[in-house]
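The sequence and structure come first, and the points follow by topic.

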Amino acid sequence: QVQLVESGGGLVQAGGSLRLSCTASGRTFSDYAIGWFRQAPGKEREFVAAISQNGGSTHYEESLKGRFTISRDNAENSVYLQMDSLKPEDTAVYYCAAHDSLADYLEILSWGQGTQVTVSS
């Protein structure tokens, strides 16, 4: 099973940017599609974006297209989430997850521990 660790969260003003990283260890990283999810206080965890094993295909929550960009570097065992034009409603704990394929982005093989993103108004 692959182990995932997120980093890069923090406090940012509205309109700012953050780049989150998800770094893997354990099993072969390139065997997995990777997704990002987020959970705001009092709300259910929701899908943000996912990327295929080779990085050639991506899928986004429709409302986040154009502001969030997912990418990966298999040589670094890492997936990134670039978040631009951040809004206070983007405040949440962000998690990365491993999947068998991009098509299975709602089927979670393993979760990271999460990283807090707080956007101030």
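Rings of Phe, Tyr and Trp, the last taken by its six-membered ring, count as a pair if their centres lie within 6.5 Å. Planes under 30 degrees apart make the pair stacked, over 60 edge-to-face, and the rest tilted. The model is predicted, and a search of the whole structure finds four aromatic pairs.

**Aromatic pairs**

- One of the pairs is Phe37 with Phe47, where the centres are 5.6 Å apart and the planes stand at 70°. This pair is edge-to-face.
- Phe37 belongs to strand β4 (residues 33-39) and Phe47 to strand β5 (residues 46-51), so their pairing ties together parts that are ten residues apart in sequence.
- Phe37 has 6% relative accessibility and counts as buried.
- Phe47 is also buried, at a relative accessible area of 11%.
- Phe47 pairs with Tyr105 as well: the ring centres lie 4.4 Å apart with the planes at 45°, so this pair is tilted.
- The pair of Phe47 and Tyr105 links distant parts of the chain, 58 residues apart. Phe47 is in strand β5, while Tyr105 is in the loop between β9 (92-99) and β10 (110-111).
- Tyr105 counts as partly exposed because its relative accessibility is 21%, and buried means under 20%.
- Through ring pairs, Phe37, Phe47, Tyr95, Tyr105 and Trp111 are linked into a cluster.

**Charges over rings**

- Arg45 places its charged end over the ring of Tyr95, at 3.7 Å from the ring centre. Tyr95 is also a member of the aromatic cluster.
- The ring of Phe29 has the charged end of Arg72 over it, at 4.5 Å from the ring centre.

**The four-stranded sheet**

- Strands β1, β3, β8 and β7 form an open sheet, in the order β1-β3-β8-β7, with antiparallel pairing.
- β1 (3-7) and β7 (68-73) are the edge strands, and each of them pairs on one side only.
- On average, neighbouring strands of this sheet are turned by 20° against each other, direction ignored.
- Five bridges join β1 and β3 in the antiparallel sense.
- Val5 has Thr23 of β3 standing opposite.

**Residues of strand β3**

- Ser21 lies in β3. With 14% relative accessibility, Ser21 counts as buried.
- Leaving out residues up to four places away in sequence, Ser21 touches Val5, Glu6, Ser7, Trp36, Val79 and Tyr80.
- Arg19 is likewise placed in strand β3 (residues 18-25). Its relative accessibility of 48% makes Arg19 partly exposed, since exposed means over 50%.
- Apart from neighbours within four places in sequence, Arg19 is in contact with Ser7, Gly8, Tyr80, Leu81 and Gln82.
- Arg19 and Asp84 are 65 residues apart along the chain, and their C-alpha atoms are separated by 8.6 Å.
- Ser7 and Tyr80 are among the contacts of Ser21, and Ser7 and Tyr80 are also among those of Arg19.

How values were computed:
Residues are numbered from 1 along each chain as its sequence is written. This is a predicted model: local features need pLDDT of at least 70, side-chain atom pairs count only at pLDDT 80 or more; totals for chains, interfaces and linings use all residues. Side-chain values use heavy atoms; hydrogens and water are left out. Helices (H or I, at least four residues) and strands (E, at least two) are DSSP runs, numbered from the N terminus. Buried means under 20% relative accessible area, exposed over 50%, partly exposed in between (1.4 Å probe, protein chains only). A charge sits over a ring if NZ of Lys or CZ of Arg is within 6 Å of the ring centre and within 35 degrees of the ring normal. Contact means heavy atoms within 4.5 Å. Two strands pair if DSSP finds at least two bridges between them. Axes are lines fitted to C-alpha atoms, for helices over the stretch in contact, and angles run from 0 to 180 degrees between N-to-C directions.
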